[in-house]
Amino acid sequence: QVQLVESGGGLVQAGGSLRLSCAPSGRTFSSGLMGWFRQAPGKEREFVAAIRWSGGSTYYADSVKGRFTISRDNAKNTVYLQMNSLKPEDTAVYYCAAGISSKWQFDYWGPGTQVTVSS
């Protein structure tokens, strides 16, 4: 059973930074995708960023390009989302997700961590 646990959320002022971490348990990933999604109040869940365990290709939503960086540490089986220049519109619950195949598909989800950016 794969479980994903996010950490690193919190309250930050606009322009500040936060780093989210996601450490899957129950499986060591050597292929597939890890991603971050977010859901703001009253809005649908949206894609933020993703990275492939093998090769490290990264993907970003236009709204976070140049501000957010996704990375992975294969030895620690951990994925990070470095968020810089945060804006109030980045306020949301951030979810870690994992896909076990090479397809753009996410099979496992974490419970989410709150990120609040004050103006």
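Mentor: Start with Ala49, which stands opposite Tyr60 in β6. On another strand, Trp36 is opposite Ala49 in β5. This is a predicted model, where local features need pLDDT of at least 70, side-chain atom pairs count only at pLDDT 80 or more, and totals for chains, interfaces and linings use all residues. Residues are numbered from 1 along each chain as its sequence is written, and side-chain values use heavy atoms, leaving out hydrogens and water.

Trainee: What makes β5 and β6 a pair?

Mentor: Strands are DSSP runs of E, at least two residues long, numbered from the N terminus. Two of them pair if DSSP finds at least two bridges between them. β5 and β6 have three, in the antiparallel sense, so they pair.

Trainee: How many bridges join β4 to β5?

Mentor: Six, and the strands run antiparallel. Six residues lie between the strands of that hairpin, and Gly42 there takes a positive phi near 75°. The hairpin of β5 and β6 has five residues between its strands, with Gly55 at a positive phi near 95°.

Trainee: Why does Arg67 count as buried?

Mentor: Buried means under 20% relative accessible area, exposed over 50%, partly exposed in between, with a 1.4 Å probe and protein chains only. Arg67 has 11%, so the label is buried. Asp90, at 1%, is buried too.

Trainee: How do you know that Arg67 forms a salt bridge with Asp90?

Mentor: The test is a side-chain nitrogen of Lys or Arg within 4 Å of a carboxyl oxygen of Asp or Glu. Here the closest N and O atoms are 2.7 Å apart, so the pair passes. Arg67 sits in the loop between β6 (58-60) and β7 (68-73), and Asp90 in the loop between β8 and β9, 23 residues apart. Salt bridges with shared partners join Arg38, Glu46, Arg67 and Asp90 into one network.

Trainee: Which strand holds Arg38, in its pair with Asp90?

Mentor: Asp90 and Arg38 form a salt bridge at 2.9 Å. Arg38 is in strand β4 (residues 33-39), 52 residues from Asp90. Both are buried.

Trainee: Are Asp62 and Lys65 buried or exposed?

Mentor: Both are exposed, and their side chains meet in a salt bridge at 3.2 Å, N to O. The whole structure has four salt bridges.

Trainee: What is the nearest side chain of opposite charge to Glu6?

Mentor: Arg45, 7.8 Å away. Lys and Arg count as positive, Asp and Glu as negative; His and the chain ends are not counted. That distance is not within 4 Å, so there is no salt bridge, though Glu6 is buried. Its side chain reaches the backbone nitrogen of Cys96 at 2.9 Å and that of Gly112 at 2.9 Å.

Trainee: Which residues touch the most other members of the largest nonpolar core?

Mentor: Met34, Trp36, Val48, Phe68, Leu81, Met83 and Tyr94, out of 28 residues. A nonpolar core is a set of buried Ala, Val, Leu, Ile, Met, Phe, Trp, Tyr and Cys residues joined through side-chain atoms within 4.5 Å. The largest share, four residues, comes from β9. A second, separate core of five residues includes Phe37, Ala50, Ala97 and Phe106.

Trainee: Which residues is Tyr94 in contact with?

Mentor: Contact means heavy atoms within 4.5 Å. Leaving aside neighbours within four places in sequence, the partners of Tyr94 include Glu6, Trp36, Arg38, Val48, Phe68, Leu81 and Met83.

Key
Polar contact = N/O pair within 3.5 Å; in protein donor to acceptor, adjacent residues only side chain to side chain.
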